Amino acid sequence: MTLRIEIGGLGPGQLRFAASPLAELTAMLHVLAEPGHHPQYAGWAADVWAGLPPELAERLREAEFLWRSSRAGFLVPARPRLTLAEELDDVDRIDDEAYVTAALITTCGNNRVRFGAPSPLADETARNRALDLAQARGALQEAFAERLLADPAAVRERVRRTLEQCAEAFFDDAWANAAVPLATDLRLKHHLLQRQGVGPALASISSAVALSPDGGHIIVDKLQDKAITAQGTGVTFLPSVFGRPHLVVITATGWQPVVQYPVAEAGPSAPVPLETVTRRLEALAHPVRLRLLRTLARGPHTTGELAHAWELSAPEVSRHLAVLRRAGLLTAERHGRYVRYTLNLPDLTALGADTLAAVLR
């Protein structure tokens with residue numbers, strides 16, 4: 001499973017390393033939404049939640065689909081600015097069509113809402129389909145999608161104000177603390193890029209990122225098998241302190257490729273019982289089960305959603321989910337007529353940091 005970004009023929013400066021306040025805030029918001037993905041920040045997340053004004057906490061929960069399992073493209077800037085305010089101004093310049101589509105991709109699920117299709121802002125059939133997809137994800141998703149489609153301007157204003165309130169509540173202090181590691185990482189990347197070239201610079205990002213032998217593609221070990229091009233746009237690389245262990249790649253049509261990567265790799269994990277490792281690795285040995293698990297790492301999914309994402313039959317997916325559940329790697333919870341499966345992060349962590357990083361990447 002690889003993502004290929006075509007970079008052949010890109011000119012100087014079209015591979016860009018820079019820090020982004022908005023992207024780092026988005027990484028922090030993901031930590032707050034999924035603290036189990038980031039045990040090193042569990043204490044920080046608990047302190048932030050405890051200190052948030054109730055109104056802001058509610059705002060974060062109602063919009064968390066923009067950053068929980070994937071990132072809306074407008075929250076990971078391809079052209080970073082020095083301040084959060086400047087980047088939010090750039091978001092305000094995005095037209096409603098692009099903004100709404102990017103938001104629906106994260107609300108309804110990846111691969112289910114696409115650029116270039118009839119607009120749900122103008123087409124009733126597209127609107128109803130978007131609402132049906134959001135409903136399948138949960139009541140909060142459905143309510144957010146309804147508000148977004150009914151009055152995108154009001155939702156956009158509310159999201160911006162929420163992000164501004166985050167700056168006042170916790171981001172400004174955290175961003176100041178992140179300044180040194182981010183600057184240190186950027187100095188290293190710029191040195192490698194200028195002195196040794198693209199290959200060593202990419203290799204320093206992660207073992208999951210490499211330059212193809214012909215030098216024409218960036219190869220990223222990601223969930224999907226996909227090819228995109230950076231011709232005419234370039235690629236932006238954003239270091240992140242709070243993003244570890246995730247390697248976030250913006251690939252949606254209409255958005256410049258952006259890679260947000262952690263500034264440091266996870267440390268070594270503690271030893272685990274051999275019986276536990278054996279039982280769970282046997283469950284992961286099948287490539288389809290590994291793909292399902294990596295999809296579930298992005299957030300809870302139903303059997304139907306998993307079948308749609310990987311073009312499998314529902315019975316086949318159910319059989320694989322049963323194996324993973326017997327191994328203790330999944331939990332299931334019923335929401336109305338839907339059963340949603342969730343990754344069991346604590347037990348998966350017992351397989352070691354390398355396995356966890358590969359799944360969450």
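What is the volume of the largest cavity? In this predicted model, the largest cavity has a volume of about 70 Å³. The legends below take that cavity and several other sites in turn.

**View 1. The largest cavity is lined in part by helices α4 and α8.**
A search of the whole structure finds 1 cavity of 30 Å³ or more. Its lining consists of Phe74, Leu75, Leu88, Val91, Asp92, Tyr99, Arg156, Val159, Arg160 and Leu163. Two elements each give two or more residues to this lining: α4 (84–92) and α8 (152–195). Helix α8 supplies the largest share, 4 residues. By class, the lining holds 7 nonpolar residues, no polar ones and 3 charged ones.

**View 2. Ala85 sits in helix α4.**
Is Ala85 buried, partly exposed or exposed? Ala85 counts as partly exposed, because its relative accessibility is 42%. The cut-offs are under 20% for buried and over 50% for exposed. Ala167 is 82 residues away from Ala85 along the chain. The C-alpha atoms of Ala85 and Ala167 are separated by 9.8 Å.

**View 3. Tyr41 and Phe242 form a stacked aromatic pair.**
The structure holds 8 aromatic pairs. In the pair shown here, the rings of Tyr41 and Phe242 are 4.5 Å apart, centre to centre. The angle between their planes is 20 degrees. Tyr41 lies in the loop between α1 (21–33) and α2 (42–51), and Phe242 lies in the loop between β6 (235–240) and β7, so the pair ties together parts that are 201 residues apart in sequence. Both Tyr41 and Phe242 are buried.

**View 4. Trp44 and Phe170 form an edge-to-face aromatic pair.**
The centres of the Trp44 and Phe170 rings are 5.9 Å apart, with 80 degrees between the planes. Trp44 is in helix α2 and Phe170 is in helix α8. The pair links distant parts of the chain, 126 residues apart. Phe170 counts as buried because its relative accessibility is 7%. Ring pairs link Tyr41, Trp44, Phe170 and Phe242 into a cluster.

**View 5. Thr251 is in the loop between β7 (248–250) and β8 (258–262).**
Is Thr251 buried or exposed? Thr251 is buried, because its relative accessible area is 13%, and the cut-off for buried is under 20%. The side chains of Thr251 and Lys226 are joined by a polar contact of 3.1 Å. Leaving aside neighbours within four places in sequence, Thr251 is in contact with Leu3, Gln224, Lys226 and Ile228.

**View 6. The second largest pocket is lined by 24 residues.**
About 420 Å³ of space lies in this pocket. Which lining residues lie nearest its centre? They are Glu34, Arg68, Gly299, Pro300 and Arg340. The elements that give two or more residues to the lining are α5 (96–108), α7 (139–150), β10 (330–335) and β11 (338–343). The lining of the second largest pocket divides into 8 nonpolar, 9 polar and 7 charged residues.

Notes
Residues are numbered from 1 along each chain as its sequence is written. Side-chain values use heavy atoms; hydrogens and water are left out. On a 1 Å grid over the protein atoms alone, a cavity is a set of points where a 1.4 Å probe fits but cannot get out, and a pocket is an open set with protein on both sides within 12 Å along at least five of seven lines; lining residues have an atom within 4 Å of a point. Grid points are joined across faces, edges and corners, and a volume is the space filled by probe spheres set on the points. Ala, Val, Leu, Ile, Met, Phe, Trp, Tyr, Cys and Pro count as nonpolar, Asp, Glu, Lys and Arg as charged, and the others, Gly among them, as polar. Buried means under 20% relative accessible area, exposed over 50%, partly exposed in between (1.4 Å probe, protein chains only). A polar contact is a pair of N or O atoms within 3.5 Å; within protein, one must be able to donate a hydrogen and the other to accept it, and residues adjacent in sequence count only if both atoms are side-chain atoms. Contact means heavy atoms within 4.5 Å. Rings of Phe, Tyr and Trp (its six-membered ring) pair if their centres lie within 6.5 Å; planes under 30 degrees apart count as stacked, over 60 as edge-to-face and the rest as tilted.
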